[in-house]
Amino acid sequence: MKIKKILIANRGEIAIRVMKSARKMKIGTVAIRTAAEPGAMYLSFSDEIFDNSEDVSDIPVFLDIDKLISIALKTGSDAIHPGYGFLSENAYFAQKCFDNKITFIGPSPDSIYKMGNKTIARRLALKIGIPMVMGSAGNISDVEEALTAASKIGYPVIIKAASGGGGKGMRIVRKEEEMERMFSTASKEAEKAFNDPSVFIEKYIENPKHIEFQILGDTKGNIIHLGERECSIQRKHQKLLEEAPSCALDSSLRKEMGDIAVQIARAVSYHSAGTVEFLLDSDKNFYFMEMNTRIQVEHPVTEAITGIDLIEQQIRIAEGEPLSLKQEDIKLKGWAIECRINAEDVQAGFAPAPGKIENLSMPADPYVRVDTGIEPGSIILTTFDSMIAKLIITGKDRKEAIKNCKMALDKVWIKGTKTTLPFFRMLVRNQKFQDGTFTTAFIEKDIEKYYLNSEYEEMLAAWLATKLFVEENLLEDSINVDFENGKEMSPWLLNKRINQF
Amino acid sequence: MNENLKIKKLYALSSENRKFSFSVPLKNKIRIGRRDYIVQLKSDEKYGTYILWKNRKYPVEIVRSRQNKYEILFNDISYTFTVETPFSLQRMKVIKSTKDVNELESLKAPMPGKIIDVFVREGSSVLRGEPLVILEAMKMQNEILSPVNGKVIIVSAKAGVNVMKDDVLIEIKID
């Protein structure tokens, strides 16, 4: 059945991303205006806006199932796209859509539930003989149980939230003495983030690569994979840079892992776009980690090397169309790298750096795709994530993609908050990154400094500090304006102070 | 006549103790090797405030200035300098040589957030790397570790309280 109008149950760049594909397919879209971001950029991309800015409840509307259903019904939307995060992996929400005869653009509630619950997913994978790391049989309810399980598996172990994702509720435990503390923080974090404190324990694989496979399945039982993405550049399990393909895989390993990824998806009769995540150790053994039952932040790198619009595929599958693509149609071409430009302070351990974006300009070269929901004047709020933009850079091979990436990074101009740009400027010049031998331990272990600067840059900053000192103290005609916090000397300084967080 | 107008040289000292010297009056030129390069501070609608150097624009912000201390954001990286005159630099050297080496370490919040747990009390002995506080920011629980070995003398962090970036959480007397 053809979809006529999609309610976008999300914000930011992914809302815009979905609306772009919908527009291409001549499907109408409805965006939701919130009190937190009443003038957000994504609103200008939709055909209709539902104004929910009067609603000032603590829970964002994008997490409010009943409200979203009622908005869909009120606006005559026959489908909902959940984007990523928020309710994208909520089985109850998918079911509620179905109950109200609204098409949920995503997998079935049953698939979401089974893959969302890591304990059930593990059991399913074990049953069909998928390689996995050793772990606790089920959920762990207290520290004593955690200690017993860990001593059986052998340290180091990793505690994970049963309903988890995005690195929340995850802790590595290297020694017995650390268990009590780590167990309690992981469990508390899991409860906060997922409303479910249950955790389980797995053997921790030292220095693996994070490799994931993009899956597409239709409602007729056809399932294919679109190759892998390498997401080993992460900090505290938060991905920072992703690329496709991975230089750790050759075509035979790609086929082997891809086939297993398809098998896992088949085990839950998966339809829509999904991602099967693996750890790959230094001996090229791979282990199934989890399946994400949504479109992912890093999906554009797969689009770049396959030429397939994943959102369009999601919509077509939701309409009941059979996949027009077969496994042998999937050809990987070139190389793609995605840099997540976040409002974070690299010098303070990637701490969130919320603030107002004053100026913003992005490279327009043919090898760059920019996915963003931020424009000058936008405010990066602590309420939502810290993403400013995704920079997707392509090249005919990895070397060219890295070279293009270097150039693109120098053309990004963002003023108003600190960003992860200095980190990427360092990364693309790092030997280990260029070699492709990095693992998920790269940021914690292999680099001395999180960012790049030259001595000239520090010298120029010193010159500026000296210039300010001169204006303030040494000029007879210096203008001293008294403010609460001291003296101000120039209008451009004033600007910054007013906008300070 | 202002005494300050006699100053011929200024020094910008970085927080890592690198020294950059500039002659006064300050020129819009910086010498590298044998060549002078022009440096310009500019501001416009499209780019905001920036420095133009060797045909390239670098974004700059003045994050903070207090007395002679400046925090500058240059190309997305912060630098802190104190600007000293030849006299104040001399005075600083004298003070430094007579100062007690037993110093205080102030543990500051690296990001805005909410204090979830505090593991130490006033008087506790702590080791470098030991977790002292759990700070929640953007739904992540972050352990704040002790940067030094020492003894806790002040605990300002309280569980359940929201803090701003750079709020002092704990002060430690370094062993």
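Strand 10 of chain A, residues 223–235, is mostly covered, with 11 of its 13 residues buried, where buried means that 20 or more other C-beta atoms lie within 10 Å of a residue's own, exposed means 12 or fewer, partly exposed lies in between, and the C-beta atoms are placed from the backbone. When I say strand or helix, I mean DSSP runs numbered from the N terminus, H or I over at least four residues for helices and E over at least two for strands.

Before going on, please keep in mind that this is a predicted model, in which local features need pLDDT of at least 70, side-chain atom pairs count only at pLDDT 80 or more, and totals for chains, interfaces and linings use all residues. Residues are numbered from 1 along each chain as its sequence is written, while chains are lettered from A and ligands numbered from 1 in the order in which they are written.

Which strands pair with strand 10 of chain A? On one hand there is strand 9, residues 209–217 of chain A, which pairs with strand 10 in the antiparallel sense over six bridges; two strands count as paired if DSSP finds at least two bridges between them. Within this pairing Glu212(A) has Arg229(A) as its bridge partner, and the two strands form a hairpin with five residues between them, where Gly221(A) in the turn has a positive phi of about 95°. On the other hand, strand 11, residues 238–244 of chain A, is joined to strand 10 by four bridges, again antiparallel, with Ile233(A) opposite Leu241(A).

Turning to the partner, chain B has an open antiparallel sheet of eight strands in the order 2-1-8-7-6-5-4-3. Strand 2 (19–23) and strand 3 (29–32) of chain B stand at the edges with a single partner strand each, so one side of each is left without a neighbour in the sheet. The twist averages 35° from one strand to the next.

How do the chains meet? In all, 43 residues of chain A are in contact with 49 residues of chain B, contact meaning that C-beta atoms, placed from the backbone, lie within 7 Å. Helix 15 of chain A gives the most to the side of chain A that touches chain B, with 16 residues, and this helix lies across strands of chain B including strand 1, strand 4 (35–44) and strand 7 (69–74), running at about 135° to strand 7 of chain B.

As for confidence, chain B has a mean pLDDT of 87, with 94% of its residues at 70 or more, pLDDT being the predictor's confidence in each residue, from 0 to 100. The model scores ipTM 0.80 and pTM 0.83. Where pLDDT is low, the predicted coordinates should not be read in detail.

How values were computed: Contact = placed C-beta atoms within 7 Å. Axes fitted to C-alpha atoms, helices over the stretch in contact; angles between N-to-C directions.
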